[in-house]
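Hi,

Here is the structure I promised to pass on.

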Amino acid sequence: MANIASTTASAGTEVTARALREAVFAGLITLGLFVLFVGLKTDQNIRNELILTQRWGLLAIFVIIAMVGRFLIVAYVQPRLVQRKAAKAAAEDVAKEESFFSRNFSKIAIAALILYPPVILALTGVQGSLKWVDNFGIQILIYVMLAWGLNIVVGLAGLLDLGYVAFYAVGAYSYALLSTYLGLSFWVLLPVAGLLAACWGVVLGFPVLRLRGDYLAIVTLAFGEIIRLVLINWTEVTKGTFGVSGIAKATLFGIKFDASKDGFAAMMGLPISSAYYKIFLFYLILGLALLTAFVTIRLRRMPIGRAWEALREDEIACRSLGINTVTTKLTAFATGAMFGGFAGSFFAVRQGFVSPESFIFLESAVILAIVVLGGMGSLTGIAIAAVVMIGGTEILRELSFLKMIFGPNFTPELYRMLIFGLAMVVVMVWKPRGFVGSREPTAFLRERRAVSGSFTKEGHG
């Protein structure tokens, strides 16, 4: 017993010493990385001279956080994870019954989303609900729909698309221009925007039929930039960098959401507020997102969906089975682009203004990151990743209490990309296959069973 106790104590001392050593290394690395970005800041004085402002206190806070975090990970988190892994390996392989929440997660989530606006309205009031319904509801659902559309191309068909924002732009400008010049309503132009985006998806698909991997990514990236440059330079139609403003709003069976006597608020006897229009838009984008999920699920169970998955796993084997890879790729691009066009037309309705600045490459990168972090091919994982990434960046705007820690000049939203990058690194280390690293096959022999991500090819989720 004495030997066991001494061995345990020595092991604990060794772990603590290693944790302290790595904490010091982490502090030195953080100091070297952030001394020029955080410790020193360039500014201008009243005579427009460039001066150097020292922020050693803020730098010290970053270093301390890195040291404490690394010490806790090495001293407590890693040993706990090793113990859990050993206990899990030693335990018998007993099949666990799924809980009620796991079996009905999708239904519970949809019910919660339907009840979200009324609950927020009751808790924060009419005007107070604007921020929560718009920024934390509509904004997240737009990215959920975009990511689910891109998931058809990347997650199901395995075609790396870095220019997906181009279809988003096509849908937005299709609605903006046609509604402005022809006076057509949103419900007429919604399918038109989707069809036009699908046509551009086919146009993109033809040149890349023989390309794979990095070459495919480069061409799709160029396509996205071409669309953006066309929007900037075709000033006679798109008005260039000035954008298109005064875009018509959507209506509910012809009822407008304005302050007129025939408006929604007056007809329902409600006080005049723009919150009702935001709630209407919330349910509209929720319906479009659910339509995207429904079509994706149905297509996966059809021969075309299985052809996409075969193409994703091995294109040569796919051809040897007699599958037409040309039509398979084109249908994947067209279907994904169609949902991007739907989301773009909704974006134009929501904003009332579109410009090329809203469709830069960073948008494509964010959408692709949501698909990868959520787990390619997994609708649930992608939705969770969108909530974490988009909702997390919006929450940063509300963290004004951080100024008490980092100083009155600290602006949390300026660091959102830094935190976003760190979160991506952490998730990729912790969950290299995404939040949901397993997927259910569309075809099975006797029993439907999820396939672990470790059995799939790297990068194919």
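This is a predicted model: local features need pLDDT of at least 70, side-chain atom pairs count only at pLDDT 80 or more; totals for chains, interfaces and linings use all residues.

**The hairpin**

Strand E1 (residues 40-44) and strand E2 run antiparallel and are joined by 5 bridges. Is E2 tucked away or in the open? Of the 5 residues in strand E2 (residues 50-54), the number buried is 0, so the strand lies largely in the open.

**Aromatic rings**

You'll find 16 aromatic pairs in the structure. One of them brings tyrosine 164 and phenylalanine 167 together edge-to-face, with 5.9 Å centre to centre and 75° between the planes. Tyrosine 164 has a relative accessibility of 1%, so it counts as buried, and phenylalanine 167 is buried too, at 1%. These two also belong to a cluster: ring pairs link Tyr164, Phe167, Trp200 and Phe223.

Another pair is phenylalanine 339 with phenylalanine 342. The ring centres are 6.1 Å apart and the planes sit at 75°, so this one is edge-to-face as well. Both residues are in helix H13 (residues 325-351), and because they are 3 residues apart, about one helical turn separates them. Phenylalanine 339 is buried at 1% relative accessible area, and phenylalanine 342 counts as buried at 11%.

There is a charge over a ring to look at, too: lysine 249 lies over the face of tyrosine 277, at 5.0 Å from the ring centre.

**A nonpolar patch**

On the surface, Ile64, Val68, Leu72, Ile73, Tyr76, Val77 and Leu81 form a nonpolar patch, and together they have about 630 Å² of accessible area.

**Salt bridges**

How many salt bridges does the structure hold? The count is 9, and here are some to click on.

Arginine 70 forms a salt bridge with glutamate 22, with 2.5 Å between the closest N and O atoms. Arginine 70 is in helix H2 and glutamate 22 in helix H1 (residues 2-39), so the pair ties together parts that are 48 residues apart in sequence. Arginine 70 is partly exposed at 29% relative accessibility, and glutamate 22 is partly exposed at 21%.

Lysine 278 and aspartate 134 form a salt bridge in which the closest N and O atoms are 3.5 Å apart. Here the partners come from helix H10 (residues 275-300) for lysine 278 and helix H4 (residues 105-156) for aspartate 134, so the pair ties together parts that are 144 residues apart in sequence. Lysine 278 is buried, with a relative accessible area of 16%, and aspartate 134 is buried at 12%.

Glutamate 309 and arginine 300 also meet through their side chains in a salt bridge, at 2.8 Å from N to O. Both glutamate 309 and arginine 300 are buried.

Back with arginine 70: salt bridges that share partners join Arg18, Glu22 and Arg70 into one network.

Cheers

Terms used. Residues are numbered from 1 along each chain as its sequence is written. Side-chain values use heavy atoms; hydrogens and water are left out. Buried means under 20% relative accessible area, exposed over 50%, partly exposed in between (1.4 Å probe, protein chains only). Helices (H or I, at least four residues) and strands (E, at least two) are DSSP runs, numbered from the N terminus. Two strands pair if DSSP finds at least two bridges between them. Rings of Phe, Tyr and Trp (its six-membered ring) pair if their centres lie within 6.5 Å; planes under 30 degrees apart count as stacked, over 60 as edge-to-face and the rest as tilted. A charge sits over a ring if NZ of Lys or CZ of Arg is within 6 Å of the ring centre and within 35 degrees of the ring normal. Patches are made of residues with over 30% relative accessible area and no salt bridge: like charges are joined within 9 Å, nonpolar side chains (Val, Leu, Ile, Met, Phe, Trp, Tyr) within 5 Å. Accessible areas come from the Shrake-Rupley method with a 1.4 Å probe; for residues, only the protein chains shown count as cover. A salt bridge is a side-chain nitrogen of Lys or Arg within 4 Å of a carboxyl oxygen of Asp or Glu.
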